[in-house]
Amino acid sequence: MLKGQLCTVRHLLTADLNTFIALANDLPSRGDYFSSQFKSPETMRKEFMQNGFVTEDSELFVVEDQSHHIVGVITHFKSRTPTSREIGYRLLEPALAGRGYMSEATQLLVDYLFKVHVWHRLELLMAPANAGSVRIAQKCGFSEEGTLRQAFFINGRYQDVRIYSLLRPEWERGR
């Protein structure tokens with residue numbers, strides 16, 4: 001469990017599963033930057049029972065507020081190179097946008113990944129127009145590297161993706 005001032009980042013518990021599935025599959029809350037594809041509740045339950053959404057290739061956490069309500073999800077997963085991980089996140093309660101939950105959750109996860117694992121590079125990928133995610137990357141010390149042209153297919157069209165990275169030495173200097 002990773003505890004911050006605003007939120008806690010923790011693994012999903014069996015008691016959370018129904019709430020998590022409902023929030024994760026709420027299509028209107030996905031906005032313009034997330035795919036409208038989703039997994040069936042049965043598939044999600046089966047996957048959770050098999051591995052708790054934790055494998056060698058990925059690890060999923062929920063983000064909960066101080067009242068223990070799940071407000072988001074954050075994950076890290078295998079990236080393009082063996083020394084890097086990609087971080088992905090989603091605020092599940094759009095009304096909470098701009099309050100710092102995902103920035104704090106991202107910083108907590110970054111610190112965890114660099115303290116506990118040997119990763120050298122962490123990456124964030126986002127739509128160029130996603131101002132909230134750009135702010136998160138900047139607050140957490142990530143540097144913009146460039147644009148992957150038409151790399152995501154979301155809402156029926158190909159979209160550019162901006163890539164940000166944070167290297168272990170940069171994180172160490174920022175501590």
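**Close-up views of strand pairing and salt bridges**

**View 1. The hairpin of S3 and S4.** With 4 residues between its strands, this hairpin has His68 at a positive phi near 70°. Strands here are DSSP runs of E with at least two residues, numbered from the N terminus. S3 (residues 58–65) pairs with S4 in the antiparallel sense over 7 bridges, where pairing requires at least two DSSP bridges between two strands. Look for Val62 opposite Val73 in S4.

This is a predicted model, in which local features need pLDDT of at least 70 and side-chain atom pairs pLDDT 80 or more, while totals for chains, interfaces and linings use all residues. Residues are numbered from 1 along each chain as its sequence is written, and side-chain values use heavy atoms, without hydrogens and water.

**View 2. S4 and its partner S5.** A hairpin of 5 residues leads from S4 to S5. The two strands run antiparallel, joined by 7 bridges, with S5 covering residues 84–91. Gly72 sits opposite Leu91 in S5. In S4 (residues 70–78), 7 of the 9 residues are buried, so the strand is largely enclosed by the rest of the structure; buried means under 20% relative accessible area, exposed over 50%, and partly exposed in between (1.4 Å probe, protein chains only).

**View 3. The salt bridge of Glu123 and Arg80.** Their side chains meet at 3.1 Å, N to O; a salt bridge needs a side-chain nitrogen of Lys or Arg within 4 Å of a carboxyl oxygen of Asp or Glu. Glu123 is buried at 3%, whereas Arg80 is exposed at 53%.
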